[in-house]
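Visitor: I have a structure open and would like to learn how to read it. Where do we start?

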Amino acid sequence: MSFEDMPVEVGVIYEGERVRKAQMYAEFGGPKVTEKFELCRAKTLDEIEDMKVIIEGPDISELEEGKSYPLGVIAEVSGEQIEEELEGVFERRLHEFNNYIQGWMHLNQRYDIWMRLSKDSFNKGLNTFQVVGTILMRLYKAELPIIEKIQMRFITDPEAIKPYYEEALQIYEARDARARALSDDDVEEFYGCVLCQSFAPSHCCVITPQRMALCGAISWFDARASARIDPKGPNFKIDKGEVIDAFKGEYEGANEALKEKSLGEVTRVFLHTMFELPHTSCGCFEAIAFYIPEVDGIALAHRDFRGPTVNGLAFSTMATSVGGGLQTEGFLGISIEYMRSPKFLQADGGWERIVWMPADVKERVKDGIPEELFDKIATDADTMSVDDLKGFLKEKQHPISERWAEEEAEEAIEAAAEEGAPMMPYPTSQPIQMSSMNIPLTGAGQDMITLTLKGVKIFAEKAIIKRTKGKKGK
Ligand code: SF4
Ligand code: ZN
């Protein structure tokens, strides 16, 4: 496949490239825009004109520099073997393929896309969706030979995009609803996805009927369809094997698959908890679950939530320390759909443990939250500090407040027993060892750097182990 006739280069080397605001010519979607989406639709062969690009609204060259624009992207595909079931996974490939284009950054998925074009690439001639579409179609055909015909549609007109956007939301909902009818216990196999290993080498998603992939784009049905047509591709079957712990979600087959795909970095995982051995998080999770020790509860925030959350940290700050394919106790990347799952963090107490979340996500997953808990979970409209949160939970008689009473009694007994106990020096000949640890570093502005240390050994002259308020786990 050649891209020599294209004005910019195309290749895997551009995958991790970021286009910062200062280098940006224009952006599409992102937090300032409501109408944005990407979609793949299966069509019949006669419905498609192969390799055609359709642009509805102004093309890139007609747009003003430095602004944000709505964008709908639809890849219409057809072929003898192509069925609707494959739409979800084909659609997810847009992330990867877009990022191969020099100076064209793509983030997120579905209704949450965010693309940026660099000034350099614009000046080189990447000034029309004809070029973007042609590159994407060539990549699709090269990587997925079952696609016989493909056409790309780009919608930038702020009015014309509205009905397309509404339809896209309905399509996503219908896909997710299908998986809701199945339970993890009904199936013999789960599926894996390693698409994100290009930037998180030890990450592999385990996708079950009740655990939608953390990017929110691949359900169990999507992964199954993809594994069937392309067994050597990014999705593969995982035999469940022995159920080691159904409550936490530990399965022999999932452990084995993770061990193999992470090259030994991850050997065990619990699918339905954020403690002990949680699922790894890559970088494209739709939402994050984070532990708040002060109230012994779990809070949730989604990617679009701007500014600090209830613990004072922004989504982006937490995302930097949790991402990269590591298992980070107390932080977990999840999809919004997983919040609707009956197994949602079940080993941690499920919804009874959730204490705070942004109001708009709460509204979106309302049907998954037990009715009696709905008003007891605080949102950004109720409180934005951990101190106030405690008062709120007490006043609303959130079930978590019962745990405080039990824990306070336990702590009082332990404190009495420990009183006067000498501090034990930690023998320097036995360092604390960890396979890896992440340290987020904050610089000026928004940019974050994560320092990942591998094979960590900590030497300390003295170690003081002190219980902080609250306990993890159920
Ligand atoms: Fe695949 Fe998981 Fe990445 Fe989604 S987040 S693309 S399911 S590896
Ligand atoms: Zn990812």
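Guide: With the core. A nonpolar core is a set of buried Ala, Val, Leu, Ile, Met, Phe, Trp, Tyr and Cys residues joined through C-beta atoms within 7 Å. Buried means 20 or more other C-beta atoms within 10 Å of a residue's own; exposed means 12 or fewer, and partly exposed lies in between, with C-beta atoms placed from the backbone. Here the largest nonpolar core has 117 residues, and A75, I207, I288, A299 and V355 touch the most other members.

Visitor: Which helix gives the most to this core?

Guide: Helix α3 (residues 129–143), with eight residues. Helices (H or I, at least four residues) and strands (E, at least two) are DSSP runs, numbered from the N terminus. The core also draws at least three residues from each of domain 1 (12–176) and domain 2 (181–403). Those bounds come from an automatic or database domain assignment.

Visitor: What kind of model is this, and how are residues numbered?

Guide: It is a predicted model: local features need pLDDT of at least 70, side-chain atom pairs count only at pLDDT 80 or more, and totals for chains, interfaces and linings use all residues. Residues are numbered from 1 along each chain as its sequence is written, while chains are lettered from A and ligands numbered from 1 in the order in which they are written.

Visitor: Which residues is I288 in contact with?

Guide: Contact means C-beta atoms, placed from the backbone, within 7 Å. Leaving aside neighbours within four places in sequence, I288 contacts A301, F315, M318, A319, V322, F331, L332 and G333.

Visitor: How do I read a sheet?

Guide: Look for paired strands: DSSP must find at least two bridges between them. One open sheet here has four strands in the order β2-β5-β8-β3, with mixed pairing.

Visitor: Why is one side of β2 and of β3 left without a neighbour in the sheet?

Guide: β2 (36–42) and β3 (52–56) stand at the edges, each with a single partner strand, so one side of each has no neighbour in the sheet. β3 pairs with β8 (residues 149–155) in the parallel sense, over five bridges. K52 has Q151 as its bridge partner in β8.

Visitor: Which helices lie across β2?

Guide: Axes are lines fitted to C-alpha atoms, for helices over the stretch in contact; angles run from 0 to 180 degrees between N-to-C directions. Helix α1 (residues 87–99) lies across β2 and β5 (71–78), at about 135 degrees to β2. Helix α4 (residues 161–180) lies across β2, β5 and β8, at about 65 degrees to β2.

Definitions and conventions
Contact = placed C-beta atoms within 7 Å.
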